[in-house]
Amino acid sequence: MTEERLTARCLSKKTKYILSAAAIIAVLALVWVLEQNIPPTSSWSMLFTVIKKGAIYSLVVVSMNLLNGFTGLFSLGQAGFMLIGAYAYAIFAIPVEAKDSVYQYYEPLIGFSVPEMLTNAMGGAGTVGGTLGEYLGVIILMLFAGLVTAGIAFLIGLPVLRLKSDYLAIASLGFAEIIRTIFQWDGLGSVTNGSNLLRKFPTFSSSLFPLIVSGLCIAIIVLLINSSYGRAFKAIRDDEIAAEAMGVNLFKHKQLSFVISSFFTGIGGAMLAMFQATVNATPFTSNMTYELLLIVVIGGIGSVTGSVIGSFLFIACSEWWLRFLDEGQFLGMDADFMRPGFRKVVFALIIICIVLFYSRGIMGTREFSWDGVFNFFRTLPTRLVAFFKALPGRLVAFFKALPGRIVKFFKTLPSRISGKVKKLTGKTKNSKNNHINNTDKREEAQ
Amino acid sequence: MSKENVLRVSDITMQFGGVVAVDDLSLEVNKGEIIGLIGPNGAGKTTAFNVITGVYAPTNGAVALNGEVIVENHPQGKMKNLYKGKNDGKYKDVKVLTPDKITKLGVARTFQNIRLYKGMTVFENVLVAMHMNLESGIFGATFRSGKAKREEAQMREDAMNLLRMFDLEKNKDDLATSLPYGKQRHLEIARALATKPKLLLLDEPAAGMNPQESAELMRLVERIRDEFDLSVLMIEHHMQVVMGICERIYVLDYGALIAQGNPEEIQNNPRVIEAYLGVDD
């Protein structure tokens with residue numbers, strides 16, 4: 001009986017579609033209602049920052065996961081590609097009258113603004129057609145930002161994707177830093193405004209915009225992953241040699257994955273520019289890439305669901321939930337150590353714990369599915385009962401064994417430490433042999 | 001009786017630095033034949049496979065598939081002075097194809113140390129091998145165009161048929177690495193067949209199998225040859241298997257070909273006995 005209850009049951013395809021559509025509409029409606037009812041002065045308005053930034057980060061992290069988790073390319077160029085997207089959007093979106101005040105020290109080279117042109121072409125500011133025109137312009141520019149990023153990624157990919165693992169990571173990281181420096185270069189000031197801010201371009205005010213755009217983009221990535229090309233990517237991740245032997249053109253598929261990932265990263269960058277309302281190259285350092293990589297790891301390498309959950313959790317923690325740590329109060333008392341920055345200490349500790357004890361991340365390589373959700377709740381009572389039935393016995397056993405374990409730990413400690421030391425010193429002695437082995441391997445790889 | 005030639009390896013020499021791994025190897029596989037390549041450990045059998053499938057570019061020599069040269073090379077650069085092999089100067093052209101291109105031309109292989117895609121299911125492992133024949137582009141495949149849908153459905157059907165033939169359809173949704181060892185070997189063969197090859201290279205298919213499993217494997221290889229209209233070139237250490245199904249056998253020792261012929265000739269060849277069989281039995 002119990003066995004039958006514990007086996008997975010599947011829902012029909014139609015039910016799943018209906019459930020998904022209902023869930024999406026419910027989330028969007030909920031966000032819309034909340035936006036109407038929570039005033040910006042309320043502390044709950046932080047929720048919208050989290051939704052906006054979380055949605056943007058989700059897209060960027062999912063596209064990073066497409067590279068790292070699904071194609072097995074350890075690339076660290078994400079921040080650089082976001083930067084390209086952000087600038088590609090901002091430069092062409094600043095209205096003409098605002099250009100002089102934005103480009104204070106330079107003569108602006110781009111003398112037009114795409115959203116403005118479309119607004120005027122479709123009926124002028126203030127009219128319905130004009131508003132639609134502005135939206136259209138913004139969307140065209142976001143696609144443009146993605147395409148520019150993808151184009152530059154294509155060029156960078158030509159040399160970089162011939163490298164493997166760590167070398168690829170270092171090279172892509174280097175290229176990202178080069179991109180940042182180029183955008184800050186004085187000589188390009190008339191386009192990028194040098195190291196000064198770009199601002200006054202159209203932005204979004206509702207959280208629905210990033211939610212919908214990110215949702216669409218992630219849906220496309222999921223479709224790609226589930227297509228034949230996605231399978232080829234995974235084959236490359238699992239075994240390059242076998243993938244090539246089965247007719248998968250390695251370079252072509254790596255390049256595809258790299259370019260597509262960069263395309264969506266570029267769109268994410270454009271949205272980040274809108275979210276911040278200003279663009280400056282300074283924050284797009286390798287630190288940002290590490291942050292994204294961290295979310296990929298926390299969510300689960302090779303899980304889109306994990307990346308999305310990870311993004312929202314990460315942003316919520318860093319922007320909202322851990323803020324109270326910076327406010328100098330602890331349980332109502334003044335606490336000196338809770339000064340600004342303490343949040344980051346706690347945050348770092350949480351992350352270390354996750355990486356140490358939960359290294360497969362929240363989702364591992366699993367994905368969200370309605371079947372999974374239903375089976376989880378259906379089998380929950382049975383599992384809870386079993387858990388609590390077994391609990392007293394387990395606790396007793398644990399405490400009974402504890403003294404013995406502690407004694408054993410301290411008894412074996414000296415021998416274990418000396419063993420480690422021996423291992424370390426032995427390694428240095430064998431380093432010559434290791435070197436020979438390495439050259440053999442390299443020859444084999446050729 | 002001249003049969004149609006499928007694979008012709010001519011004067012292949014593969015030299016790594018100063019080490020000659022394969023020395024002046026020539027062999028032929030004709031249509032419908034099952035050919036064995038044997039030799040003691042380190043004789044250069046797998047290296048020969050790697051040259052045929054494009055993993056290595058040979059130092060000297062040529063490989064032709066169905067009469068068309070797919071790989072040709074001669075010593076270049078530093079190798080000009082280092083080269084220790086024969087036939088220097090016989091080959092003038094340089095033609096090197098990557099493994100995926102050679103697979104597309106109809107050469108499929110399995111690996112000595114099983115190389116299945118670890119993170120994928122049995123079914124997906126076979127589907128990946130059909131990816132190279134996909135005609136729809138990445139946009140069509142992502143947005144599920146009509147053509148892509150038809151192709152995907154066809155791929156799934158073909159993959160299912162293959163799995164059925166190898167008695168793997170019950171394990172369809174299991175992770176490939178969770179299969180027992182023998183079934184993993186079968187899956188590797190199924191995956192190779194999914195590329196629709198004309199020539200199948202098997203690298204020690206019976207390794208780690210007991211006599212009964214080996215006997216099953218022999219029948220399986222013969223069945224594959226007949227049903228898929230293939231030629232087979234196999235590396236094998238189990239003499240029972242090699243002598244049982246191979247029509248001709250090539251024997252390698254220290255990279256060089258020391259004997260070739262049908263099983264009886266090989267069994268009675270003193271050089272082979274000296275190099276290999278004498279030690280084995």
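Reader: What share of the contacts in chain A between residues at least 6 apart in sequence join residues at least 24 apart?

Author: The share is 75%, where contact means heavy atoms within 4.5 Å. This is a predicted model, in which local features need pLDDT of at least 70, side-chain atom pairs count only at pLDDT 80 or more, and totals for chains, interfaces and linings use all residues. Residues are numbered from 1 along each chain as its sequence is written, chains are lettered from A and ligands numbered from 1 in the order in which they are written, and side-chain values use heavy atoms, with hydrogens and water left out.

Reader: What makes B:His131 count as buried?

Author: Its relative accessibility is 5%. Buried means under 20% relative accessible area, with exposed over 50% and partly exposed in between (1.4 Å probe, protein chains only), so B:His131 counts as buried at 5%. Leaving aside neighbours within four places in sequence, B:His131 is in contact with A:Ser228, A:Tyr229, A:Ala232, A:His253 and B:Met155. In chain A, buried residues make up 43% of the 446 residues.

Reader: Where does B:His131 lie in chain B?

Author: B:His131 lies in the loop between helix 4 and helix 5 of chain B. Helices (H or I, at least four residues) and strands (E, at least two) are DSSP runs, numbered from the N terminus. By that rule chain A has 18 helices and 4 strands.

Reader: How is the size of an interface often given?

Author: It is often given as the accessible area lost when the parts come together. Buried area is the accessible area (1.4 Å probe) that two parts lose on being put together, summed over both. Between chain B and chain A about 2,800 Å² is buried, and carbon and sulfur atoms give 61% of that.
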